[in-house]
Amino acid sequence: MKNEKMKSLVEVYICNFQREDSQDCFNKGAKDLTDQLKKWAKDESNGEVKVIRSGCLGKCSEGIAMACYPQKKIFTEVKKDDGEEIKKGLKEALAEIKNLH
Ligand code: FES
């Protein structure tokens, strides 16, 4: 078995699940939000933020749902236009984590 240290300090899981009844995060714009944040993380976070398209987080009626680690927080009622606010929060989380190390 091999292992290596992960580069990411913050991981964001955004639900992109699609349900038959369309009451899901995908239909509320999760794909566009995820694409936007993935691009930002790749271009500007130097690999320290990882954005992951996830399955259902069990908050369908409150979607878009998003979970962040290591903060262990779940966000609900996220809107597809919340990208800038999320980026700001992720930058603050990164700064906080780096100050601890
Ligand atoms: S469909 Fe997103 S939390 Fe269930």
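In which loop is Gln-23 found? Gln-23 sits in the loop between β1 and α1. The model is predicted, so local features need pLDDT of at least 70 and side-chain atom pairs count only at pLDDT 80 or more, while totals for chains, interfaces and linings use all residues. Residues are numbered from 1 along each chain as its sequence is written, and side-chain values use heavy atoms, with hydrogens and water left out. Helices (H or I, at least four residues) and strands (E, at least two) are DSSP runs, numbered from the N terminus.

Gln-23 is partly exposed, with a relative accessible area of 47%. Burial classes are set by relative accessible area: buried is under 20%, exposed is over 50%, and partly exposed lies in between (1.4 Å probe, protein chains only). Gln-23 and Ser-61 are 38 residues apart in sequence. Their C-alpha atoms are 6.8 Å apart in space. Ser-22 belongs to the loop between β1 and α1. Its phi is near 65°, a positive value in a residue other than glycine. Ser-22 counts as partly exposed because its relative accessibility is 38%.

The strands come next. Strand β1 covers residues 10-15 and is mostly covered, with five of its six residues buried. β1 and β2 pair in the parallel sense over six bridges. Two strands pair if DSSP finds at least two bridges between them. From β1 the chain crosses through helix α1 (residues 30-44) to β2, and this β-α-β crossover is right-handed. Right-handed means that, with the strands pointing away from the viewer, the path from the first strand over the helix to the second runs clockwise.

Ser-54 is placed in strand β2, which spans residues 49-54. Ser-54 is buried because its relative accessible area is 14%. Leaving aside neighbours within four places in sequence, Ser-54 is in contact with Tyr-13, Ile-14, Cys-15, Asn-16 and Phe-17. Contact means heavy atoms within 4.5 Å. The side chain of Ser-54 also reaches the backbone nitrogen of Cys-15 at 3.5 Å. A polar contact is a pair of N or O atoms within 3.5 Å; within protein, one must be able to donate a hydrogen and the other to accept it, and residues adjacent in sequence count only if both atoms are side-chain atoms.

Helix α1 has 15 residues, which at 1.5 Å a residue should span 21 Å. Its end C-alpha atoms are 21 Å apart, in agreement. The expected span is 1.5 Å times one less than the number of residues. The buried residues of α1 are Ala-30, Leu-33, Thr-34, Leu-37, Trp-40 and Ala-41. Seen down the helix axis, these buried residues fall within an arc of 130°, so they line one face of α1. The arc is that of the directions from the helix axis to the C-beta atoms. An α-helix has 3.6 residues a turn, so residues three or four places apart point the same way. The buried residues of α1 pack against β1, β2 and α2 (83-100).

The face of α1 turned away from its buried side carries the exposed residues Lys-39 and Lys-42. Lys-39 is exposed because its relative accessible area is 54%. The side chains of Lys-39 and Asp-43 are joined by a polar contact of 2.5 Å. Lys-39 and Val-51 are twelve residues apart in sequence, and their C-alpha atoms are 9.0 Å apart in space.

Asn-46 follows α1. This residue is found in the loop between α1 and β2. Asn-46 has a positive phi of about 55° although it is not a glycine. At 54% relative accessibility, Asn-46 counts as exposed.

Two cis peptide bonds remain to be described. The bond from Gly-63 to Ile-64 is cis, with omega near 10°. Ile-64 is found in the loop between β2 and β3. The bond from Tyr-69 to Pro-70 is cis, again with omega near 10°. Pro-70 lies in the loop between β3 and β4 (73-75).
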